[in-house]
Amino acid sequence: MNSRKIRVLVAKPGLDGHDRGAKVVARGLRDAGMEVIYTGLHQTPEQVAETALQEDVDVVGLSILSGAHMTLTPRIKKLLQKNGMNDVLLLVGGIVSEEDAAELLKSGCADQVFTPGEPLDKITGYIREAINGR
Amino acid sequence: MQQLVTELLQGNRRAAARLISQIENDDPQKTDLLKEIYPHTGRAYVIGITGAPGSGKSSLVDCLLQQMRSDGLTVGVIAVDPTSPFSGGAILGDRIRMQDHALDPGVFIRSMGTRGSLGGLSRATGETIQVLDAYGKNLVLVETVGVGQSEIDIVKAADTTLVVLTPAGGDSVQTIKAGIMEIADIFVINKCDLPGSDRTAAEVNMMIDMKNGESWRPPVISTNAVSNIGIDQLWAALLEHRGYMEKSGRLLETRRQRVRRELTEQVEYLVKKRIWDRVKEKIEFNDMVEKIVQHQQDPYSTAHELLEKIKFYNGIVGEDG
Amino acid sequence: MMEREKSDRIRREKTVWQEEVSQMKQRNEPFSTVSGQPIEALYTPLDLGDFDCEKDLGFPGSYPYTRGVQANMYRGRLWTMRQFSGFGDAFDSNRRYRYLLEQGQTGLSVAFDMPTIMGYDSDHERSLGEVGRCGVAIDSLEDMEVLFDQISVDKVTTSMTINGPAAILWCMYLANAEKQGISLSRVGGTIQNDILKEYIAQKSWIFPPEPSMRLITDIFAFAADHVPQWNTISISGYHIREAGSTAVQELAFTLADGFAYIEAGIKAGLDVDRFAPRLSFFFNAHIDFFEEICKYRAARRIWARRMKERYGAKDPRSLKLRFHTQTAGCSLAAREPENNIVRTTLEALSAVMGGTQSLHTNSMDEVMALPTEKAVKIALRTQQVIAYESGVANTIDPLAGSYFIEALTDQMEAEAEAYFNKIDNLGGVLNAIDCGFFQQEIADAAYTYQRAVDNCERIVVGVNCYNNGEPQQIELLKIDPSVEEKQVGRLRRLREKRENDTINRCLENLKKCAAGSDNLIPKILEAVKVYATEGEIVAALKEVFGEYKEKPIF
């Protein structure tokens, strides 16, 4: 009778208000059968990490288009770890150069980075595989 | 005692969050966990908030949180949004309005999808209230889905129910579902800055006077959550209703009824579960369906036949439990 | 109008042609615009309905301005080539501006960083990691002075993309002009100042709608008296489109916003012809070539008609819809970024054929980072090639009279009118925002589009088609991480050397004024002149006005 659902936090840390991507992804994840919690805009890293904890999500997806990803992502990662959420999947979406993406992946701050133009199925597929593969 | 429950009782946020997930996901341990949690419940006061979409429920919760916190009360919030019947997924966006409280250790907010439940709450709302109660929250606020109809499950879960309306924008209050009028302990006319607000309040008052013969007359409070107007009065009304519930003995009665219902539901749940577990093991259910479809049998005798096969009438159903 | 006999003949011929075509093989793709608007295989005079070239087009520079707002259009003067830019601190951006002017750019356009856009100083905790990232960091008049160092503000016009705190940055610009010894009557430029589209699409708001609208009408009034050459608002469809709307939605929602500002100005007691001439527009140039051209033409006609008929404007300048265009950032792809040069070229061409007054062409690398100098140069060169080599600027409104163009222009106008009715029925723009109408329409359109790309109903070259999977490396601009530190240091030093008592007095005056109903601009100007920071002024206003909270719409 287990009715487990993948829970995803879609978060907009930082100050930029470009939420087209976040919302399109949120709908895509819902249509793939996931429960999506959306934080709304302009969140601090602390708010994102605390929300992830209270909502007990499997995945945190950060949408950052202001160029602040190299500051915000490591901070959120650290706060999640501090909360004991080491196993949460951390994804970053937005305007991220390949070089920055490589650094985020290498330092373990992000599990995957998605840039503009990625198909939704690729994102949902990635999440499903990563979570069910556990 | 299970580790998670111990941690919950110590006030661990992560434990609370994980327990809610386990319950919501029908974890095999669920019943055991709830058994251990139960002795620590019964202290929190539960407030339900229902009303049409766009009536500003989440904003009101946000404002109320401010009030409750400044009175030194800790609060758990359960915000329910609809699960898509097509995909089984959901977008839970109620907490956007409450994110100013995200970092307040005295507030715990949990978003839930209805996951197939139809009465305006999620399947696990009742059990989640118990977790937040045992976790030590003084108050639990439950915000219903807000599709505007048949959201009457909230009265079964809440000690005080708020019904949020907005100035009807030309529509008369008469068009508001009759069912929702009867469940209100307090009416809120939110967005009272919009035209028609006074008229809406007057109409609601009239309807109450026509129907209400009870010892509690639901007050009608005008608010504007966006500019924090009327929240003091709303909070005062909530406290007053709580006082009334406690002094009049209605709270005890409400909770007695709730326990009766829960016990009934639990018994029925267990019986059903046993039956269907046995059916799965023993019976070619689909064959029976086929025979009925082809009119070789009727459903009434077949039901008896099925129950006989799993020895229901011999009391065997309960034997392995 | 055609004679009956002739139209019957054409109708018969069309039937014959259709018969022939129906026997032929047809490609599998849907024949529709990027907005999902179905397009016919052939347009004929039959599609023109009761089109009347005198009534519906007129001549350029005359009512209803469908063919353009100036009589001679680009034969008199080309459009202003205005590349939006800004990054790092004021020193970095000043260098870039001077480079662009040397390359033949004819106007400046300032991009601010997120903290500036949201009204936070660089040393605010919320600014962490954002300072100078997606635009230039401006905290006080001191930064504005640096930004325009060696640039004479009576020689260039400057456009500033700023909305929530527009009044403050504008005052800094004006204060700097005065310091350069230039009279305000000679200062020209644009502030975006369009808060409605922030609630609708771009989501960089600060105050709630009511005080925001007051700030805007205060700017209208102040400019009319003191800065007559300033475009006080740039009513923007750009961001609505970037957020995922269709072309018709961009057209309709932007103009609806425009009418809302007109109504707000009238309600504030201003004569419509006193402020309407300084309103300007800002549209997106998306990839669907003809649809975009028709959008601009329809916009001019709708604006002129409504301004005249509904708002009783008499000054011809009030009837002219002047607009800036930027090519569509959302049409660019991170994969094979050099293809973006081609996309931008097509988009820029549509803006020019649609009669834009100024143009920004995106750089190919902008989906990955702020543009490098090289990428910006190519983008600017794109405009110059269109202007000087392609020949499209030789004649005015070259596509007028095309059956397709006129039919689509008419159709888009009609669909926009249908949206205006819907918005009216919801109680106007502010109420429609409050019930999430625009937000829902845009979210739905964005999702529909993404789905179409995902299942390859809509082809994006190099992304979901002809994608050989080889990553293409191009050089990207890197923002020096020490920018934030440097900017914060400068701000701290400023705070120490200012007369803080004077500043506190100014801020108190400002708050008092905000609580009343007098024009706020003189008080803001006073505060910026003594080097009150943007963050301090915004914080003071927030105390009186409060803050806007978002509506959750998916």
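**Exercise 1.** Which strand of chain A do 3 bridges join to β3(B), and in what sense do the two run?

*Solution.* The model is predicted: local features need pLDDT of at least 70, side-chain atom pairs count only at pLDDT 80 or more, and totals for chains, interfaces and linings use all residues. Residues are numbered from 1 along each chain as written, with chains lettered from A and ligands numbered from 1 in written order. Strand β2 (residues 35-38) of chain A is the partner, and the strands run parallel. Strands are DSSP runs of E, at least two residues; helices are runs of H or I, at least four; both are numbered from the N terminus. One bridge partner pair is I37(A) and L92(B).

**Exercise 2.** Describe the side of chain B that touches chain A.

*Solution.* Start with the count: 28 residues of chain B contact 29 residues of chain A (C-beta atoms, placed from the backbone, within 7 Å). Next, the elements: α2 (13-24), β3 (90-92) and β4 (107-113) of chain B each supply at least two residues. The largest share, 6 residues, comes from α2(B).

**Exercise 3.** Trace the sheet of chain C.

*Solution.* The order is β5-β4-β3-β2-β1-β9-β8-β7-β6 (chain C), an open sheet of 9 strands with parallel pairing. Pairing takes at least two DSSP bridges. The edges are β5 (230-231) and β6 (233-236) of chain C. Inside, β8 (residues 323-327) and β9 (residues 358-360) of chain C share 3 bridges. Q326(C) has H360(C) as bridge partner in β9(C).

Key: Two residues are in contact if their C-beta atoms, placed from the backbone, lie within 7 Å.
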